[in-house]
Amino acid sequence: MEAAVAAAVPGVGVRDRLAGFVAEVTRPFVLRVQRENALLYVRGLVEHGGRKSLQPTLFRLEETPARYESVQQFVADSPWDPELLVRACAERVAPEIGVMAWVVDDTGVVKDGKHSPGVKRQYSGTLGKIGNCQITVSVHAVGARGTLPLGWRLYLPEEWCDDLPRRRKAKVPDELVFQTKPQLAGELCKLAAGWEIPPAPILGDSAYGDDAGFRTDLHEAGLEYVLAVRAETSVYGPETNFAVPERDSNLGRPRTVARPDRTPESALTLAKRLPARAWKTLVCRTTPAGEQVKSRFAFVRIVATNPVRNRHRQPRQEWLIIEWPKDAAAPSDYWLSNLAANAPRARLARLARLRWTIELDYRQLKGELGLDHYEGRSYLGFHHHCALVTCAHAFLTLERLDPKAPRPA
């Protein structure tokens, strides 16, 4: 992608293809000036390195001060729907990359001050510590030939949701209520599932996989997942039988939820009692250099405890996937998956290990396209910026796949 950015600066042909692509994906925009400003903003993201702040970017593009005012209003306040642009990019590019999975995650955006929407001192996995930052949740399609963002949601901490004057200064819609990161991710997944893009299993780290509500909501929406969980995750092993208990008397309602005939155990405890024949050495990852990486896995049909015990749901079987590298003292990773009982083990292993690609995507979106460079204090403007960065990313993905292909206007 770096080569594509560098090539975009002098190449008239590249500029023509970029203009054609942006014209295609901004067709839902009502006004011509919106389409023109979108092209200008994306050009700034693609054509120049360094910080992508609006004023110096437009200066490098030799635009007038009047155009700066127009583009600033377009990004910060214009009432266009950023999801329409992200969807258009997804439906254009996703079929080209051989989608294998969708990945949910979140990333921190370092900020000074306290007025940017959602900013506070909070833990960020990106920083690896507590820092003053915003956190955005996102979903990405991961394919054999590239990646593609499918949606963005800025996380608003509870203290922001409870502070109406502060919200209004940042132009946060009044109807927005507090949602956890898994809840935001679930909304994004269900939204993208209604688009004309290839469906795929949803992957995520234990911050998402440990949330039983998130897993249950995906399952009930008909979406597949392979989600990391902690070793302490409580499960009912494969020997467990479930049955609906009889009523103690003729009084009261008949019982409807099946109950287990034994107590649950942790994923780690289950892993340690598996027989040697349960473990299989499988290829789980292919490096960028083409090397086939193998590891040792076990695959067990279990019932997760939390939906049954705390959400009063009927028990449903899932895969517990366990990785225990040879010669390691203990298992290294665990996942829960609602893929079918006959899902190939090799596919489960590869899906479990595919999530790492999201880190590369974030590096490209931030380091090359300025995802974390938005300096405005508008909630809508933040999402507009993310959508326009997605547009630039989508174009460069097509360039890398077929640099001479025309982009229809």
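D327 is exposed, with a relative accessible area of 75%. Here exposed means over 50% relative accessible area, buried means under 20%, and partly exposed is whatever falls in between, using a 1.4 Å probe and protein chains only. D327 sits in the loop that links β13 (317-323) to β14 (333-337), where strands (E, at least two residues) and helices (H or I, at least four) are DSSP runs numbered from the N terminus. Although D327 is not a glycine, its phi is positive, at about 75°. This is a predicted model, in which local features need pLDDT of at least 70 and side-chain atom pairs count only at pLDDT 80 or more, while totals for chains, interfaces and linings use all residues. Residues are numbered from 1 along each chain as its sequence is written, and side-chain values use heavy atoms, with hydrogens and water left out.

K171 also has a positive phi without being a glycine, with a value near 60°. Its place is in the loop between α8 (164-169) and α9 (181-192), and K171 is partly exposed, at a relative accessible area of 44%.

Next come some other loop residues. H115 belongs to the loop between β1 (99-110) and β2 (120-124) and, with 39% relative accessibility, is partly exposed. Leaving out residues up to four places away in sequence, H115 touches W160, A170 and R377, contact being heavy atoms within 4.5 Å. Apart from neighbours within four places in sequence, D261 is in contact with T240 and N241. H373, in the loop between α15 (357-367) and α16, is buried instead, at 12%. Its side chain makes a polar contact of 3.4 Å with the side chain of D372.

What does N132 touch, not counting residues up to four places away in sequence? The list runs V109, V110, K111, D112, G113, V119, K120 and R121. N132 itself is in strand β3 (residues 129-143) and is partly exposed, at 23%. Two backbone oxygens are reached by its side chain: that of K111 lies 2.8 Å from a polar atom of the N132 side chain, and that of G113 is reached at 2.8 Å. V119 is 13 residues away along the chain, and its C-alpha is 6.6 Å from that of N132.

Moving inside, the largest nonpolar core has 101 residues, and F21, L85, W102, L148, L150 and L388 touch the most other members. Such a core is a set of buried Ala, Val, Leu, Ile, Met, Phe, Trp, Tyr and Cys residues joined through side-chain atoms within 4.5 Å. Helix α16 (residues 379-401) gives the most to this core, with 12 residues. Another core, of 16 residues, lies apart from it and includes L274, W279, A304 and Y334. As for L148, its contacts beyond four places in sequence include C89, V93, I97, V139, D361 and H393.

Helix α16 also packs against α3 (residues 32-47), at an angle of about 65° and with the axes 9 Å apart. The axes are lines fitted to C-alpha atoms, for helices over the stretch in contact, and angles run from 0 to 180 degrees between N-to-C directions. On the α3 side, A38, Y41, V42, L45 and V46 meet H385, L388, V389, C391, A392 and L396 of α16. Sorted by type, the residues of this contact are 10 nonpolar, one polar and no charged. Nonpolar here covers Ala, Val, Leu, Ile, Met, Phe, Trp, Tyr, Cys and Pro; Asp, Glu, Lys and Arg count as charged, and the others, Gly among them, as polar.

Finally, there is helix α11 (residues 212-220), in which A212, G213, F214, R215, T216 and L218 are buried. At its start, a side-chain oxygen of D211 comes to within 3.0 Å of the backbone nitrogen of G213. After α11 comes G222, with a positive phi near 80°.

Key. A polar contact is a pair of N or O atoms within 3.5 Å; within protein, one must be able to donate a hydrogen and the other to accept it, and residues adjacent in sequence count only if both atoms are side-chain atoms.
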